[in-house]
Amino acid sequence: MTARIIDDAAQVLAKPQAYTDEKRLHEALAHLRAHAPVSWVDVEGYKPFWAVTKHADVMDIERQNDLFTNDPRPLLMVSDGEDVLRAQMEAGIGLRTLIHMDDPHHRDMRKVGADWFRPKAMRDLKIRVDELARIYVDKMVEKGPECDFVQEVAVNYPLYVILSLLGLPESDFPRMLKLTQEMFGGDDTEFQRGGDVEDMLAVLLDFFNYFAALTASRREHPTEDLASAIANAKIDGEPLSDMDTASYYVIVASAGHDTTSAGIAGGMLALVENPGELARLQKDLGLMGTAVEEMIRCVVPVKEFMRTAQADTEVRGVPIAKGESVLLSYVSANRDEEVFSDPLRFDVGRDPNKHLSFGYGVHFCLGAALARMEMNSFFSELVPRIKSIELAGEPELMATTFVGGLKHLPIRYSLK
Ligand code: HEM
């Protein structure tokens with residue numbers, strides 16, 4: 001057997017804390033793309049994996065979804081957590097969402113919610129999203145001249161959008177906010193419920209219980225919302241199991257929330273740090289589409305997903321054995337010099353912009369159109385109203401290897 005390629009720089013991909021220092025992270029990833037684009041990572045606390053850092057390789061792997069599957073290891077987590085969740089899933093009591101599945105079951109399950117995220121559904125939702133965007137920009141005016149943009153604006157607005165789409169009562173929104181933050185903040189001491197696997201499981205159980213009750217109520221009294229569509233969906237004439245319905249709600253509520261918040265918060269910081277680009281956008285609001293896309297490329301709210309090889313194969317000439325996992329670093333792929341000119345630059349007019357922040361292939365983000373619309377509505381409302389804006393303290397990033405971005409962004413501003 002050939003020796004594995006091991007470059008120590010790749011260890012950053014298994015260190016939640018490394019994501020809080022973007023400059024060093026990008027230096028390490030640039031080094032890997034140049035010298036060890038497929039590198040073996042074996043660090044304490046995690047099962048080993050191959051780190052894949054080139055844009056073309058991430059796409060190739062995602063395209064071959066029979067050879068590289070999501071099951072059994074769709075994302076990086078500490079090995080104890082992985083073992084417990086695996087055991088639960090095998091016992092039929094673990095959450096199994098779209099990201100844990102492969103075709104053909106994945107295809108059937110994806111169809112259940114797909115109509116709710118198509119362009120027509122988005123057009124119907126746009127009026128409400130625009131209205132929410134206005135409400136949150138007005139709130140910034142009320143709170144001015146300073147706020148923590150993340151905690152006071154960016155986390156709330158997308159939550160309102162996604163929970164409105166699901167059809168949940170507004171009184172439950174604070175509870176959902178806490179649960180999604182506990183779930184994705186599992187690696188960050190500020191948000192985690194506790195540091196143990198039991199704490200993570202308790203969060204999942206709370207989600208499950210809440211959504212099991214929701215399913216029962218929507219089956220009894222169907223309404224015109226996504227929650228009813230999920231609760232009353234049938235595959236091959238059979239209703240979804242309680243676990244499948246609960247898992248569906250969890251993926252929609254969680255994937256639809258923290259990701260977009262991170263996109264909005266990171267986008268805001270990019271505008272503050274690049275006043276020239278903000279001025280350019282203010283002068284030509286027709287750039288909003290490319291500006292939003294550039295925010296999503298630079299922020300990379302979802303840092304990685306994983307796949308597992310179902311047969312011996314190779315990536316960029318590096319042999320990958322059956323059963324080994326590959327980590328697809330979207331953070332790195334989006335800065336790949338072979339695809340993006342001047343990749344570290346924030347350019348509101350960047351076009352083309354073939355970023356991989358929404359993934360690629362059969363698991364391509366179901367909510368991509370919604371996320372784009374939310375960000376577009378928000379910045380279309382905010383940007384023309386900005387008279388001045390600057391940092392009022394140090395921005396702070398969340399420690400995570402999966403979903404997240406800024407957790408605090410103190411800003412000082414004057415809006416029209
Ligand atoms: C800027 C915001 C967002 C980003 C960066 C993002 C990113 C991603 C990524 C990288 C994937 C995995 C793709 C792959 O494996 O190839 C994904 C999947 C998914 N996303 Fe998003 N997402 C965002 C917003 C949303 C929103 C608003 C929703 C709404 C519910 C959503 C729902 C989902 C779902 C359901 C999946 C699983 C799809 C599947 O496995 O078939 N996402 N997202």
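## A pair of tryptophans to start

W40 stands opposite W50 in strand β2, and that pair is a handy place to begin a tour of this predicted model. Local features here need pLDDT of at least 70 and side-chain atom pairs count only at pLDDT 80 or more, while totals for chains, interfaces and linings use all residues. Residues are numbered from 1 along each chain as its sequence is written, and side-chain values use heavy atoms, with hydrogens and water left out. The names of helices (H or I, at least four residues) and strands (E, at least two) come from DSSP runs, numbered from the N terminus.

## The five-stranded sheet

The strand β2 (residues 49-52) pairs with β1 in the antiparallel sense, over four bridges. Two strands are said to pair if DSSP finds at least two bridges between them. Both strands belong to an open sheet of five, in the order β1-β2-β10-β7-β3, with mixed pairing. Its edge strands are β1 (38-41) and β3 (68-69), and each of these pairs on one side only. In general, strands of a sheet pair through backbone hydrogen bonds, either parallel or antiparallel.

Which helix lies across this sheet? Helix α2 (residues 55-63) lies across β1, β2, β3, β7 and β10 (325-329), and runs at about 130° to β10. Contact here means heavy atoms within 4.5 Å. Axes are lines fitted to C-alpha atoms, for helices over the stretch in contact, and angles run from 0 to 180 degrees between N-to-C directions.

## The three-stranded sheet

Another open sheet has three strands in the order β4-β14-β11, and its pairing is antiparallel. β4 (146-148) and β11 (386-391) stand at the edges with a single partner strand each, so one side of each is left without a neighbour in the sheet. From one strand to the next, the twist averages 30°.

Between β11 and β14 (residues 410-415) there are five bridges in the antiparallel sense, and E390 stands opposite R412 in β14. Two helices can be followed here. Helix α5 (residues 119-143) lies across β4 and β14, at about 100° to β14, and α12 lies across β11 and β14, at about 95° to β11.

## Around the ligand

How many residues surround the ligand? There are 29, and the closest are E62, H106, R110, H363 and C365; a residue is near if one of its heavy atoms lies within 4 Å of the molecule. This shell divides into 18 nonpolar, eight polar and three charged residues. Ala, Val, Leu, Ile, Met, Phe, Trp, Tyr, Cys and Pro count as nonpolar, Asp, Glu, Lys and Arg as charged, and the others, Gly among them, as polar. At least two shell residues come from each of α4 (105-114), α11 (242-255), α12 (258-273) and β7 (304-309), and α11 gives the most, with three.

An N or O atom in the side chain of H106 is 2.6 Å from a ligand oxygen. For R307, a polar side-chain atom lies 2.9 Å from an oxygen atom of the ligand, and for Y360 a polar backbone atom is 3.0 Å from one.

## The iron atom

Which residue is the single protein donor to the iron atom of the ligand? The donor is C365 (SG), 2.3 Å away. Donors are N, O and S atoms within 2.8 Å of the metal (3.2 Å for Na, K and Ca), and water is not among the atoms, so sites may look incomplete. C365 sits in the loop between α15 (330-333) and α16 (368-382).

## Backbone details in the loops

Most residues other than glycine have a negative phi, and most peptide bonds are trans. The peptide bond from D71 to P72 is cis, with omega near 5°, and P72 is in the loop between β3 and α3 (79-90). A cis peptide bond also joins D103 and P104, with omega about 5°; P104 is in the loop between α3 and α4. R316 is not a glycine, yet has a positive phi of about 50°, and is found in the loop between β8 (313-315) and β9 (318-320).

Note on methods
A polar contact is a pair of N or O atoms within 3.5 Å; within protein, one must be able to donate a hydrogen and the other to accept it, and residues adjacent in sequence count only if both atoms are side-chain atoms.
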